[in-house]
Amino acid sequence: NNCTKPREFWRIQFAKENLLSVLLCIILKKNNLQNLAQFLITEVTEHLYLHYKMKLKEQLYYLCKSYVNDRLETIEDILSSNQKALQSETKSSAGDKHETGRAMLQLEMEKAGQQLVGVSQMNTILAKIDFLNTSKKAHLGSVIHTDIANYFLAISAGKLTVRGADFFAISLSSPIGKLLLGKEEKEGFVFNGKSFRITKIE
């Protein structure tokens, strides 16, 4: 059982599946960069451990969490940068040019603030996913396989790849999300002029 295998097993998996990374670690160690080499081994080992241990739905969930965290980091960087720029503009001498600069920065910060609200809403939605819900009717958190494409009913996070297969993370409020919600296996639906048939829901 993959879930009970010790960390050493994943180190062996790491060696088997990441030969180039292993070679890089050897080079780093030879150049007295042991800490960086160990960091690389630890990070990839943990990645593999989670990859094999977690179920498909959990992997998709954590990819969505990563997507949200990345967006949050980007927005916070924008807010911080604009705040510093605004302070710099405020210290500058008065004039139409500086007034325009301040106004543009404030607009950018308002836009980033709205995006921050969106990120918060996505986190709230992800927190509502119940991994114990095994209903065969499509619901929040369902992984939906069709004869054309695969979907993860959660947040709009684009295309995610797990174990070599592509899944589209979609929200309940999206057009296709609304179509899928409540659907069951073997049911069909039409989206963008194409006919889909649901082959599996998990």
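Is Glu 185 buried, exposed or partly exposed? The points below take this up along with the rest of the predicted model.

1. **Glu 185 and its partner.** Glu 185 counts as partly exposed, because its relative accessibility is 28% and that class lies between 20% and 50%. Its side chain meets that of Lys 136 in a salt bridge, 3.6 Å from N to O. Glu 185 sits in the loop between α6 and β5, and Lys 136 in the loop between α5 and β1, so the pair ties together parts that are 49 residues apart in sequence. Lys 136 is partly exposed too, at 44%.

2. **Other salt bridges.** The structure holds 4 salt bridges. One of them joins the side chains of Lys 159 and Asp 166, at 3.9 Å from N to O. Lys 159 counts as exposed, with 53% relative accessibility. Asp 166 is partly exposed, at 34%. Another links Glu 202 and Lys 200 at 3.8 Å, N to O. Glu 202 is partly exposed, with a relative accessible area of 29%. Lys 200 is partly exposed as well, at 39%.

3. **The sheet.** Look next at the strands. There are 6 of them in an open sheet, ordered β3-β4-β2-β1-β6-β5, with mixed pairing. The edge strands, β3 and β5 (188–191), each pair on one side only. Neighbouring strands are turned by 40 degrees against each other on average, direction ignored.

4. Take β1 (residues 143–146) and β6 (residues 194–201). They pair in the antiparallel sense over 3 bridges. Find Ile 144: its bridge partner in β6 is Ile 201.

5. **The largest nonpolar core.** This core has 21 residues, and Leu 60, Cys 64, Leu 126, Ile 129, Phe 152 and Ile 155 touch the most other members. Two or more residues come from each of α4 (56–91), α5 (96–127), β2 (150–154), β3 (158–162) and β4. Helix α4 gives the largest share, 6 residues. Another core lies apart from it, with 12 residues, including Ala 138, Leu 153, Ile 170 and Leu 180.

6. **Leu 126 up close.** What does Leu 126 touch, leaving aside its neighbours within four places in sequence? Its contacts are Tyr 61, Cys 64, Lys 65, Val 68, Ala 154 and Ile 155.

7. **A buried serine.** Ser 174 is found in the loop between β4 (165–171) and α6 (175–180). Ser 174 is buried, because its relative accessible area is 12%, and buried means under 20%. The side chain of Ser 174 reaches the backbone oxygen of Ser 171 at 2.7 Å.

How values were computed
Residues are numbered from 1 along each chain as its sequence is written. This is a predicted model: local features need pLDDT of at least 70, side-chain atom pairs count only at pLDDT 80 or more; totals for chains, interfaces and linings use all residues. Side-chain values use heavy atoms; hydrogens and water are left out. Helices (H or I, at least four residues) and strands (E, at least two) are DSSP runs, numbered from the N terminus. Buried means under 20% relative accessible area, exposed over 50%, partly exposed in between (1.4 Å probe, protein chains only). A polar contact is a pair of N or O atoms within 3.5 Å; within protein, one must be able to donate a hydrogen and the other to accept it, and residues adjacent in sequence count only if both atoms are side-chain atoms. A nonpolar core is a set of buried Ala, Val, Leu, Ile, Met, Phe, Trp, Tyr and Cys residues joined through side-chain atoms within 4.5 Å. Contact means heavy atoms within 4.5 Å. Two strands pair if DSSP finds at least two bridges between them. Axes are lines fitted to C-alpha atoms, for helices over the stretch in contact, and angles run from 0 to 180 degrees between N-to-C directions.
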